[in-house]
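Morning, everyone. Have the structure up as we go.

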Amino acid sequence: MKIAGLQRAGLTALGAVAAVLFAFAVSSIAIVAAGASPITALQAMFDFGDVTNAVVNNITTILNRATPLFIAGLAVAIGFRMNLFNIGVEGQYRIAALVAAFVGGQLALPAPLHLTVIIVVAMVAGGLYALIPALLKVYRGVNEVIATIMLNFIAISMAAYLVRGPFAGEREEGVLTTSTPPIPESGMFPNVNWLFTMFGLPAPRGAGLWGFLIVAAVVGVVIWVVLERTRFGFEVKASGLNGTAALASGVNPRTMIISAMVLSGAVAGLIGLPEILGRTGSYGTSFTPGLGFLGIAVALLGRNKPGGIALAALLFGFLDRATTPLQFADIPPSVVSIIQGAIVLMVVIANEVTRRFALRQEERRAAGHASAPAPAGASA
Amino acid sequence: MGGVTLLRNKFGKLAISTLAGAMLMAAAACGGSSDSGSSTASPGASGEASQSGSLKVGLAFDVGGRGDKSFNDSAYAGLERAQKELGAEIRDLSPAGDGSNRGELLRQLADAGYNPIVAVGFAYAADVEKVAKEYTDVQFAIVDSASNGPNVTGLLFAEQQGSYLAGVAAALKSKTGHLGFVGGVESDLIKKFEAGFLAGAKATKPDIKIDSKYLTPDGDFSGFKAPDKGKIAAEKMFQDGADIVYHAAGDSGQGVFQAAAAAGEGKWAIGVDADQALTVKDQALSKVIMTSMLKRVDNAVFEYIKAFQGGAKGGSDVVYDLKTEGVGLATTGDHISDIQDKLDEAKQKIISGEITVPDKP
Amino acid sequence: MSTSSDTLSTAPPAVALEGITKRFPGVVANHDIRITVAPGTVHAIVGENGAGKSTLMKILYGMQRPDEGTIRVNGRQVSFKTPSDAIAAGIGMVHQHFMLADNLTVLENIVLGAEPKKAGRLDTGAARARIRQLAEAHGLRVDPDRLVEDLGVGERQRVEILKVLYRGARILILDEPTAVLVPQEVEELFDNLRELKAEGLTVIFISHKLDEVLDIADAITVIRRGTTVASVLPRDVTSRELAELMVGSELPTPETRESTVTDRVVLDVRGLRVTEGDRVVLDDVSFPVHAGEVVGVAGVEGNGQTELIEAIMGLHPLAAGAIELGGEDITAWSTRRRRESGIAYIPEDRHREGLLLEASLWENRVLGHQTRPPARAGIWINRAAARKDTERIVRAYDVRTPGVDTLALALSGGNQQKLIVGREMSGDPKALIAAHPTRGVDVGAQAAIWDHLRDARASGLAVLLISADLDELIGLSDTLYVIYRGRFVARLDPGRVTPEKLGGYMTGAIAEDQA
């Protein structure tokens, strides 16, 4: 009975593969125009190194990059699922990361508790910051896109002010960057290099494979369950597919907007933590910006489904890792950006094309069924 | 049957607009790179670390660094000079758009056998510190930030001193008694430029009026690559009566030059870091550049590489100031030759210590 | 039963379709369609929804190309790639849903896309003259300078016809033109069509209202399951025979027999008043609905029916009045609570309010029932139970679908509606608000839905029925109210009222409450 669903999934996968192939074709033009060889470029993208050490390092790079992007995609998708455009993930995660890092740096607690406090603080901060546009929309009719964009500006400026002023930790002489006081070891997330070593592989260098990967995976599963299996998830989906029908079916749009927005913000609050708890130990002026905006692209690519988002985040991680080897292969960094842009573009197009194709297929199948004689035993 | 039209929902529209956005991004990336091709000593040498003892110098730019016709390109000029004069094999890398892989770049360079490695920009401070600990046998240098490890050299500049001279020149040349300063990002580094400029101008003409504007707050580095914002800020200053605007805004300075050119006769801009009257290719723009506050990153990079060859080790800072010709004013176009004696006088006073230039406004 | 058309004219047929076949992967939408339309006649094409009329019209209007077969227009073989080709050949289409811009004038709407230019500017003078001339020649009264939003439905339709004529059409396709009209307006339309015919124009009239077809058509072609099954002349057939040709089986009637009305009031509406801004859209509406009773509300669309439904469902706030369900005041209750307490709802626009088109059938089964078993299990949605119950609905209500995982949008209108009815009948509702339950539904599905409504009534359901189909209202209702400008203006006995009289109340022609 689930053939229809399987067929849709198969089509999606097929479309994604076609998109990536097509994107490589388009990128080749840019690479040739830049005077390099597309073959070299392709080799560079898939060249993870000759020794196991290098391969492990490169896989770690991809996973460490994909982890925050996956969370960002999830945060955005929660809103998107009900046509709620939370553009404010950007601001929410920065505020949340700053507050969580600062609080974490002030505390001295046993490790598991310390970590839990930091994670909870981040989620609460992100959720509260997302509550503002939700309330504005529900009670004042302010469009959430406008509200969240404005709140992004406020968040970015406020975070910049706080990290240099009230929340700033001690600064070394001659260093121009500032950051919050460092989080003690008990608040840092231990790395999960054992994921490699248990297979007899060498541990990655640097800060290793960020432990927050585990949290991200758990959050992904939880969000999937919430969206796909619960009554709340059903109401989110119904609101997104057809707001008036949801309303007529007894779904309270106000409750839905507020809860979806706050959930989205709470998840957004986690975006900055992999980096902070895995590597930097503080929120600083060179904290990675823009993950909230990238999350929009990730969610779009992943079609707002946790599984798809995970794949999209890995694709982004893969592409970002490729920037360095491509530069070693004498492909200018700007061409690297073009390749990345082309792939994203093609996947979005392929998504839309396969979606429509699948729907048309389905219409035809049903039409074929309707014109066939009524099944035996059916009675009017 | 009308199913297809029903699918034209909000989500579809969003997908379309995201496409448009992605295309714009790609186009922008394309435009920015038009004259900044990658270059290396030996193409195809990627990956394999040759332990032949030859000099292999790696350099990592910060976000949007490459091709700014200013600070970063100046660093690259120093690298090229090392290639020519010292026979170094060179490799430069740029990070991902959000700078998330800065540390990764340094590690890749170290893994590929590059030593020394120069990180351009203070944003590298934390990453250099970490990576330097992982690769103790590799020497690192960081531009605009202090040394934070035994194998790290800090390459610092007394920007306030050069900016002081720019302030003196602007005050002397201004006919309206009204100047402007456009800073890219409101960070402590850029405040050094503002502080010196203000001090120099006020010391020359105490009643002079100076408008200051930062394009983005600290932490938001987009202010260094937003020519449109730079243009708007400078346009406002020219409209309000300023006739000379000094910028310390990286790529955004292009907008300041455009505003000066559009404001007409008698309006000037002062460039920064590189001799921008030379590096800016557009004639209409380069002729409004009265002078540039030179920050000789090229010298610093080259000297560092040379010192490395001579066996120097890290752990300390090198400050490039007026005395060491690390900062100064460019004379291209001869717009300031008439006041050269006054500038020299101020310079001497700073060198001798008679004037101490503040580094905070 | 097939009789050949006995056209005496020697002129070539205005439209001749020969062996038209259109396949979609896995489905044949049209198969060997043969239709000959004589010039200067009104030719009706009748068939159930989903019989292939739409595809056929799309082919004739150049929106789709046939896989096989030929189209001749005035004896000349044509091949349309786009609607523009069809327009150039003199074919015009008046769509079922008007495609007019509300905030433009009649004139602007008519010339839109075919503006007469004089020195690059819109030549209103010339356009107005041409429209006046067209209107007079064909008896299509309409003021070119009025705003379309101020026009009634009948007038809008005339604008659509004028628009087509303005582009030089000599062959008009009218898709279900009477669906939105009250009887008086239908008469006017038919007068217009007769005028057009007298002027030598050809009209292709698509409908499933058989009495009207028999009234206006000179020739009738019946389509069933994608192919032409008969060509008949109206004088040779009765409406019943025609319907049987369409369905290929026996015919349903909406009449309910003996009364099942009890004296137990289930839904009690008292003194309802609804405002929209300063405008009172519903005023002083009171009525009870008893268990086992169908209360019908007749009215021209836009006279407050929508607001009445929304008020009862809790979707629209009340300015005054109270609503009781089973003796309990539910005025302040949320929509969810009302539904949980046993009010079922068949919305007037199933796509807007009744379905998640891009979701599966079983998810649509859950919609509106997400807080009740079998769909709910604690905080979870019980997917297995929901699927199973959807399968029950699919069987019991003859929803034709490949399975319960099929997306709702893939189903035909009739099957979608049957699913909605099945869903709303689930969970033992006390009261049912049914708005246009059989709108846009083919005869077979209509009969099935009527049967279900009758069964529910017999088992004690209180039904509020709002419909534009007067036969349906008269046939199903135990009590019939007429709503006009937000007020109940008459309470009629459906056993004795005629559609003509009902139409009189609905249009305000009869003002007196004679109940």
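Start with helix α12 of chain B, residues 297-309. It has 13 residues and reaches 18 Å from its first C-alpha to its last, close to the 18 Å expected at 1.5 Å a residue. Bear in mind that this is a predicted model.

Which residues of α12(B) are buried? V297(B) and D298(B) open the list. Then come A300(B), V301(B), F302(B), E303(B), Y304(B) and I305(B), and finally F308(B). Just after α12(B), G311(B) takes a positive phi of about 100°.

As background, most residues other than glycine have a negative phi, and most peptide bonds are trans.

Cis bonds, then. In chain B, a cis peptide bond joins N115(B) and P116(B), with omega about 10°. Where is P116(B)? In the loop between α4 (102-111) and β3 (117-120) of chain B. Over in chain C, P373(C) and P374(C) are joined by a cis peptide bond, omega about 5°. P374(C) sits in the loop between α12 (361-366) and β19 (376-377) of that chain.

Next, positive phi at two aspartates of chain C. D284(C) has a phi of about 55°, although it is not a glycine. This residue is in strand β14, residues 279-290. Is D284(C) buried or partly exposed? Partly exposed, because D284(C) has 14 C-beta neighbours inside 10 Å, and buried takes 20 or more.

D398(C) also has a positive phi, about 50°, and is not a glycine either. D398(C) lies in a loop, between α13 (383-396) and α14 (413-425) of chain C. This one is buried, because 20 other C-beta atoms lie within 10 Å of D398(C).

Let me step back to whole chains. Chain B has 13 helices and 12 strands. Of its 361 residues, 57% are buried. Take the contacts in chain B between residues at least 6 apart in sequence: 71% join residues at least 24 apart.

Chain C is assigned three pieces: domain 1 (15-247), domain 2 (256-342 + 430-515) and domain 3 (351-427). How far apart are the C-alpha centres of domain 1 and domain 2 of chain C? They lie 34 Å apart.

That's my tour. Questions, please.

How values were computed:
Residues numbered from 1 in each chain as written. Chains lettered and ligands numbered in written order. Predicted model: local features only at pLDDT ≥ 70, side-chain atom pairs only at ≥ 80, totals over all residues. Helix = DSSP H or I, 4+ residues; strand = E, 2+ residues; numbered from the N terminus. Buried ≥ 20, exposed ≤ 12 C-beta atoms within 10 Å, placed from the backbone. Contact = placed C-beta atoms within 7 Å. Domains from an automatic or database assignment. Expected span 1.5 Å × (residues − 1).
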